Amino acid sequence: MKMIRKAKPSLFVSLGLTLAIASSAVSSQEVVYTIDSDFVQGSLNSLEYDALTESLILSETGSTFPVLWVANAGEDSVSKINTDTDCEEARYSTWFFTNFHGAYSGPAPSRTAVDIEGNVYVANRHFDNKPPSVMKILAEGGIDRNGNGVIDTSRDVNGDCSIDRNDPNEMPMPVDTNGNGIYDADEIVDERIVWVKQVGDSRGLGRSLCIAPDGNIWVGMYSHSEYYRVDSDDGTVLNGPISTPGHNPYGCLVDGDGILWSATLSSTMAVIDTNLVDTATDPFLGTKSIRASGYGIALANDKVYYGRSGRDFNEYDPNAPEGAAPVNDGNPLTGQFTLAPNSNSQNGISADGDGNLISGMFTVIKTQPDGTRVWTTPNPTSTSVGVAVDSNQNVWVMGLNSNNVAKFDGATGNQLLIKPVGANPYTYSDSTGFAARNVTDRSGIWIVTRDSGSPGTEWDMVSWNNEPDGDIPPGSSIRVRYRASDVENQLELINYQDASNGNPGLGAVGRFMQMRVELRPNDDGVSPHFSDLALSTLAEFATCDVNEDGFVDRFDLNLITSASGPAATDDPLDIDNNGVINRLDARACVDSCSNARCAVTAPQ
């Protein structure tokens with residue numbers, strides 16, 4: 001059974017989209033979003049408009065956030081690149097800077113994992129014999145630690161699409177103020193960094209990092225053959241060490257059933273059931289031999305893929321029992337390995353939204369799930385170990401020794417860009433959140449910001465799926481959250497709150513109201529249908545009482561619907577002030593009704 005990510009309270013803002021979120025000024029304090037022209041006022045990610053039902057559904061082709069997180073191993077930093085504009089928007093130090101040291105010494109970050117909010121977790125491997133360390137960086141918002149009313153963070157101050165690490169205004173650097181050699185919480189200077197924590201013991205070598213469906217992260221220790229489960233909110237170690245005898249974790253991903261698949265540099269695949277971590281049963285299920293050594297890891301097409309240097313990639317189908325006989329018993333270790341033809345893998349491997357495989361080292365190769373090669377192109381950077389797919393299905397590779405990244409057209413393989421980043425970009429992991437958004441916790445997101453035009457607007461009610469086309473099949477879900485502010489660019493500093501469908505008393509105050517809607521499918525992949533969203537304010541309850549009897553009930557709705565047609569200026573029956581009186585005006589008042597189902601209120 002697929003797991004739905006646990007919603008956990010957080011002290012920090014963690015919106016994952018860095019898309020341009022539209023807002024529009026309106027004269028009315030009421031709005032209903034219901035058709036395509038309404039939904040496009042916001043930003044859609046992994047969602048599409050279904051014209052047949054006039055509703056939003058999950059896209060067939062998977063996508064993710066337009067952000068690539070590049071771990072710069074040789075300088076202990078991570079770059080945030082907007083994959084729409086190709087600009088480096090920020091760069092964050094993952095440890096104290098001394099000097100450039102190459103990819104395999106010092107703290108040396110390499111593994112990143114992006115959650116479904118777009119926040120990134122980055123692990124320093126620590127070849128300096130310290131315990132591995134993990135950091136959480138928010139995609140937006142932050143913690144105003146100095147109380148100056150703004151988030152002091154890395155940004156491209158001069159607008160040249162790159163971050164100057166020598167400019168403290170563009171890249172604040174932490175300092176080991178107490179000289180203890182540990183990155184302590186009070187030494188965090190960038191206010192988008194939520195926490196940094198050491199995990200495990202010294203010399204563990206943190207070479208594996210991934211996110212489970214419950215939102216928590218798993219950190220694998222290569223040298224010690226073990227995993228730790230870490231709370232994503234505050235970095236607390238929740239469980240571990242969980243031993244993986246005979247297996248040195250080198251990379252991992254978790255599927256929608258909560259099964260962690262672990263890669264290594266040798267010939268074993270390890271499997272952990274993250275659902276068992278808080279039970280008396282050992283979550284480590286065991287290992288299985290790979291035909292030749294593994295390296296990169298990808299999840300797609302209900303299979304696990306392992307890259308190998310210059311060789312065919314390993315394809316593991318957990319639902320294909322070995323041998324001719326037994327019916328698959330559901331044990332993830334009783335599947336079957338096969339090899340794709342034509343030498344289609346070189347170390348790093350990733351999957352796009354259609355389940356194609358992309359790999360790269362000296363060349364970059366795109367392969368269909370059946371092994372048919374789509375395209376191949378030379379890698380214009382140096383040797384790459386990291387390969388990623390962005391929200392537009394384009395491909396990025398990391399130039400490990402050339403200190404740059406390259407971008408390729410996902411359809412043709414044509415080179416689009418070579419861009420400098422930090423020293424020794426490694427980024428072997430889910431660096432765009434593609435696996436998290438399409439496999440671990442498949443989700444689509446719609447965000448819209450509404451401008452009431454009036455500071456201090458009191459938003460009182462949110463309702464959705466009031467139309468017959470709205471549908472939530474069993475096992476699927478729709479989650480609606482909101483936040484409000486009088487200043488639009490301050491919205492990202494405010495935590496989202498969960499909305500209750502059709503219940504007044506929202507209590508959100510501000511000129512700008514931002515709604516975030518998340519759709520998730522059921523175990524069979526069936527999407528919910530999000531047909532409409534209505535926002536109501538306190539002021540608008542009075543406008544729905546068109547007969548002025550002190551109640552909003554069926555009498556008022558009948559008066560509105562019976563007057564269908566063009567509306568005069570300031571017609572009280574034109575609830576949404578769009579110049580036409582129709583069913584949308586009546587429906588906009590349903591949430592304001594004094595009684596259930598808009599029953600008539602008896603005279604007092």
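**Exercise 1. A helix and its partner**

Which residues in helix H5 (residues 583–590) are buried?

Solution. The model is a predicted one: local features need pLDDT of at least 70, side-chain atom pairs count only at pLDDT 80 or more, and totals for chains, interfaces and linings use all residues. Residues are numbered from 1 along each chain as its sequence is written, and side-chain values use heavy atoms, with hydrogens and water left out.

Step 1. Helices (H or I, at least four residues) and strands (E, at least two) are DSSP runs, numbered from the N terminus. Buried means under 20% relative accessible area, exposed over 50%, and partly exposed in between (1.4 Å probe, protein chains only).

Step 2. Read off the residues. In H5, Asp585, Ala586, Arg587, Ala588 and Cys589 are buried.

Step 3. Examine the N-terminal end. Asn582 caps this end of H5, with a side-chain oxygen 3.0 Å from the backbone nitrogen of Leu584. A polar contact is a pair of N or O atoms within 3.5 Å; within protein, one must be able to donate a hydrogen and the other to accept it, and residues adjacent in sequence count only if both atoms are side-chain atoms.

Step 4. Find the packing partner. Helix H4 (residues 554–562) packs with H5 at an angle of about 165 degrees, and their axes are 8 Å apart. H4 is therefore roughly antiparallel to H5. Axes are lines fitted to C-alpha atoms, for helices over the stretch in contact, and angles run from 0 to 180 degrees between N-to-C directions. Angles under 35 degrees count as roughly parallel, over 145 as roughly antiparallel, 65 to 115 as roughly perpendicular and the rest as oblique.

Step 5. List the residues that meet. Leu557, Ile560 and Thr561 in H4 meet Asp585, Ala586, Cys589 and Val590 in H5. Contact means heavy atoms within 4.5 Å.

**Exercise 2. An enclosed strand**

Why is strand S31 (residues 404–408) described as largely enclosed by the rest of the structure?

Solution. 

Step 1. Five of the five residues of S31 are buried, so the strand is largely enclosed by the rest of the structure.

Step 2. Separate the faces. Asn404, Ala406 and Phe408 lie on one side, Val405 and Lys407 on the other, and both faces are covered.

Step 3. Identify the pairing. S31 pairs with strand S30 (residues 395–399) in the antiparallel sense over five bridges, and Phe408 is the bridge partner of Val395. Five bridges also join S31 to S32, again antiparallel, with Phe408 opposite Gln415.

Step 4. Inspect the turns. The hairpin of S30 and S31 has four residues between the strands, and Asn403 takes a positive phi near 60 degrees. The hairpin of S31 and S32 has six residues between the strands, and Gly413 in the turn has a positive phi of about 85 degrees.

**Exercise 3. A threonine in a loop**

Is Thr432 buried or exposed?

Solution. 

Step 1. Thr432 is placed in the loop between strand S32 (415–420) and helix H2 (434–440).

Step 2. Thr432 counts as buried because its relative accessibility is 2%.

Step 3. A polar atom of the Thr432 side chain lies 2.8 Å from the backbone oxygen of Val389.

Definitions and conventions:
Pairing = 2+ DSSP bridges.
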